[in-house]
Amino acid sequence: KGLWGRFGLIQRIKTHKKESSEKTYWFHVASSGELEQCLPILDEIKALQPKVQVFLSYFSPTAQRGIELETLRREKAQLPLPWDIADYSPFDFKYSVRRFLKVLKPSHFVAIHREIWPTIIEECERLKIHRYLLSMYLPPASRPAMKRLSPWLKRFEKIGTTEAGTATFLKGLLGENFPVTMMGDPRIERVLKRKAMQKTPPWAGFFPSNVLILASLWPDDFEKVSEGLRALLALKKGWKIIVVPHEPKESFVTSCQSWFKGHNAAARRWSQWTQSPDEESHLIVDGVGYLAELYQVATLVFVGGSFHRRVHNVLEPAAYGKPILTGPFIENSGEAMEMWNQHHGLLRVTDAAEFAKELLRLASDEGERLALSEKLTAYLTARQGASRRYANLVLS
């Protein structure tokens, strides 16, 4: 899909690029996760200088889907898009990059997170196009491998990181005088804005007061949390469980349904439940794009991937002040590590038994849930403003 999507890229840019004396800023993301980091920066760019042109490129088809969803969200909320053109990036070959730059004529190239493409960087440097790497985070385990990319990192004019550990590492790698600055995570503004854009869905009234959401779940995750779910069902205190698979494959959805049936608990598919909602059934979400809305009705959230290999987005449930449980694998997420280390509303467990223990404790302690919720809100409030700092850096 990515290959076919790039056919006609140059002609599309020629068609949609406006002839203007204003600068063109080229922002590049890899996939949907980096898109979430980029969008709040683009909002600030357009707020500060509305007439500049923004070209947003992406490498992966999943980012294309993310852009389509964001377009729909903004149409519903009657908000403008923060980009002028969004399309695939050129492949990192000299011929394709040079042809692309000749047509786009950007004044700035801004890569998000770890999008380090040697030919693009080299050609931008040759043409004296400003080069920035923003919103970068390096988990400790990946830092040694980054050393081989230091020649390309040095070709960026400025680097902004989401947290202090990455900035310290890069200073050691690139030199104390290299312009690396810890600027924060723009996804905090992003999740808060998405929350503000959402309206209360018509089905929200069918949920009881206590809802456990198992978010972005992999089969490995479900295996680890199932002991805790059995114990929660045995409490018989009216908890509703919502399973949201990371990939809603039919085999996984079916196996989840079978698990609930085997424990004498009714569970329905989301696609069927929305046609005729009821308050009693547990739910298995068999589609994508629903999770952010579902956090509105959550009481407690387990974020998946954390018993698999890499924890998924913890900022989205945090935006709603929902206490968060994770498994042991959270080092890929700077904000998850910070929330856990600094006791900001995220609890990390190591195995199935500890998950079950913590789940039952929180399910029975409303006061503890409220305290964790307040810590999450304080965490996000204290860390707002990163997007404006990134925008000012680019526009300066």
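The buried residues of helix α16 (residues 334-341) are Gly 334, Glu 335, Ala 336, Met 337 and Met 339, where buried denotes a relative accessible area under 20%, exposed one over 50%, and partly exposed the range in between (1.4 Å probe, protein chains only). Helices (H or I, at least four residues) and strands (E, at least two) are DSSP runs, numbered from the N terminus. The model is predicted, so that local features need pLDDT of at least 70 and side-chain atom pairs count only at pLDDT 80 or more, while totals for chains, interfaces and linings use all residues. Residues are numbered from 1 along each chain as its sequence is written, and side-chain values use heavy atoms, with hydrogens and water left out.

The cover over the buried residues of α16 includes α10, α15, β14 (346-348) and α18 (366-382), contact being defined by heavy atoms within 4.5 Å. After α16 comes His 343, with a positive phi near 55°.

Helix α12 (residues 250-262) comprises 13 residues and reaches 18 Å from its first C-alpha to its last, close to the 18 Å expected at 1.5 Å a residue; the expected span is 1.5 Å times one less than the number of residues. Phe 252, Val 253, Cys 256, Trp 259 and Phe 260 are the buried residues of α12. These residues lie on the same side of α12 because they cover an arc of only 120° around the axis, the arc being that of the directions from the helix axis to the C-beta atoms. Ser 251, Lys 261 and Gly 262 are exposed on the face of α12 turned away from its buried side. Packing against the buried residues of α12 involves β8 (211-217), α11 (219-235), β9 (240-245), β10 (267-269) and β11 (282-284). Just after α12, Asn 264 adopts a positive phi of about 55°.

In helix α9 (residues 164-174), the buried positions are Thr 166, Ala 167, Phe 169, Leu 170 and Leu 174. Viewed down the axis of α9, the buried residues fall within an arc of 165°, and therefore line one face of the helix. Thr 168 and Gly 172 are exposed on the other side of α9. The buried residues of α9 pack against β5 (130-136), α7 (143-146), α8 (150-153), β6 (158-161) and β7 (180-182).

The structure holds 1 cavity of 30 Å³ or more. A cavity is a set of points, on a 1 Å grid over the protein atoms alone, where a 1.4 Å probe fits but cannot get out, and its lining residues have an atom within 4 Å of a point. Grid points are joined across faces, edges and corners, and a volume is the space filled by probe spheres set on the points. The largest cavity has a volume of about 50 Å³ and is lined by Val 191, Arg 194, Lys 195, Gln 198, Ala 292, Tyr 295, Glu 316 and Tyr 320. By class, this lining has 4 nonpolar, 1 polar and 3 charged residues, with Ala, Val, Leu, Ile, Met, Phe, Trp, Tyr, Cys and Pro counted as nonpolar, Asp, Glu, Lys and Arg as charged, and the others, Gly among them, as polar. Helix α10 (residues 187-197) gives the most to the lining, with 3 residues.

Of the lining residues, Glu 316 is placed in helix α15 (residues 315-319). Glu 316 counts as buried because its relative accessibility is 13%. Apart from neighbours within four places in sequence, Glu 316 is in contact with Val 191, Arg 194, Ala 292 and Tyr 295.

Met 197 lies in helix α10 and is likewise buried, with a relative accessible area of 13%. When residues up to four places away in sequence are not counted, Met 197 touches Glu 70, Arg 74, Ala 77, Leu 79 and Arg 190.

Positive phi values also occur in loops. Most residues other than glycine have a negative phi. Gln 78, in the loop between α4 (61-77) and β3 (85-88), has a positive phi near 55°. Gln 78 is classed as exposed because its relative accessibility is 73%. His 113 lies in the loop between β4 (108-112) and α6 (118-126), and its phi is positive, near 75°. At 14% relative accessibility, His 113 is classed as buried.

Technical notes: On a 1 Å grid over the protein atoms alone, a cavity is a set of points where a 1.4 Å probe fits but cannot get out, and a pocket is an open set with protein on both sides within 12 Å along at least five of seven lines; lining residues have an atom within 4 Å of a point.
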